[in-house]
Amino acid sequence: MSKPLDVTFTLAEIEARAGQGLADAVCVVFDVLRATSSIVTALANGATGVWPVADIAAALALRRRQPEVLLAGERDGVCIRAAVSGGVDFDLGNSPREFTPERVRGRTVVMTTTNGTRALRACAGAGRVLVGAFLNLGALARTLEQWRPPRLLLVGSGTQNEAAFEDALAAGALGEALQGLYPAEQISDGALMARELYRRYAGDLAGALALSRNGRRLLAVPELRDDVAFCARRDLYPVVPVLTGEVVRAQGTG
Ligand code: MLT
């Protein structure tokens with residue numbers, strides 16, 4: 001029996017938990033570098049919804065049914081081009097800085113990324129699914145303080161099959177913000193690890209993200225390096241993205 005506040009760190013872990021049932025849980029999914037930071041930014045900048053799909057074929061099938069959607073995502077960190085998709089250039093990559101009001105306002109964005117969109121889909125059977133990043137951490141904490149979920153699972157999407165430092169850090173930051181709701185005896189060791197990690201690095205989130213495998217990968221690519229500092233910004237957007245059916249929408253926008 002898991003503790004009321006728990007954290008998972010890898011895709012395999014959340015897929016296994018989903019198999020055991022998540023119907024009584026609220027899940028918050030983090031892929032700080034960068035899928036969930038991009039989803040938060042897209043919704044904050046006026047996208048009507050972000051439709052996470054597990055693979056390129058599913059994204060292309062949706063575009064055939066609904067030609068007006070924007071296609072977004074990455075493979076190996078870069079925008080999906082025709083050579084990779086089998087003929088279609090995606091409109092956007094997975095850099096949150098691309099999801100500007102000019103590009104996304106009023107549009108539905110279909111997104112496929114290596115881990116983040118898969119973790120989101122794995123949580124689809126949960127009672128409620130929220131999308132988290134440092135960019136919207138305060139808004140998430142305020143919402144969860146109102147909801148007071150008896151079971152809260154903070155989901156790190158990880159990288160390939162491994163844990164990701166930055167997702168553990170963000171889960172720890174949310175755990176820290178919700179200390180009043182989940183006292184020590186109600187948190188798992190995973191939640192304790194994440195919170196202690198966050199406490200260690202809270203004073204320099206951008207520096208902490210730069211230590212991570214994903215941070216180092218992005219910093220090495222000139223056009224992506226600024227994503228690291230961007231994704232480390234706290235509380236830039238007051239948006240609370242909720243998976244509603246198949247699509248992530250900003251809470252309150254239907
Ligand atoms: C993912 O979903 O695996 C990541 O967001 C990858 C990336 O940084 O583009």
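Is N214 buried or exposed? N214 is buried, with a relative accessible area of 5%. That value counts as buried because the cut-off is under 20% relative accessible area. The model is a predicted one.

**N214 and its surroundings**

- N214 sits in helix 11, which covers residues 213–219.
- Leaving aside residues up to four places away in sequence, N214 touches L33, T159, A164 and E166.
- With T159, the link is a polar contact between side chains, at 2.7 Å.
- With E166, the side chain of N214 also makes a polar contact, again to a side chain, at 2.8 Å.

**The largest cavity**

- The count comes to 1 cavity of 30 Å³ or more.
- The space in the largest cavity is about 30 Å³.
- Its lining is made up of L5, G175, E176, Q179, Y182, I187, A191 and R195.
- By residue type, the lining of the largest cavity holds 4 nonpolar, 2 polar and 2 charged residues.
- Two helices each supply at least two residues of this lining: helix 8 (165–177) and helix 9 (189–201).

**How such space is found**

- Empty space shows up when a probe the size of a water molecule is rolled over the atoms.

Definitions and conventions: Residues numbered from 1 in each chain as written. Predicted model: local features only at pLDDT ≥ 70, side-chain atom pairs only at ≥ 80, totals over all residues. Heavy atoms only, no water. Helix = DSSP H or I, 4+ residues; strand = E, 2+ residues; numbered from the N terminus. Buried < 20%, exposed > 50% of the residue type's maximum accessible area, 1.4 Å probe, protein only. Polar contact = N/O pair within 3.5 Å; in protein donor to acceptor, adjacent residues only side chain to side chain. Contact = heavy atoms within 4.5 Å. 1 Å grid on protein atoms, 1.4 Å probe; cavity = no way out; pocket = protein on both sides within 12 Å on 5 of 7 lines; lining within 4 Å. Points joined across faces, edges and corners; volume = space filled by probe spheres on them. Nonpolar A, V, L, I, M, F, W, Y, C, P; charged D, E, K, R; others polar.
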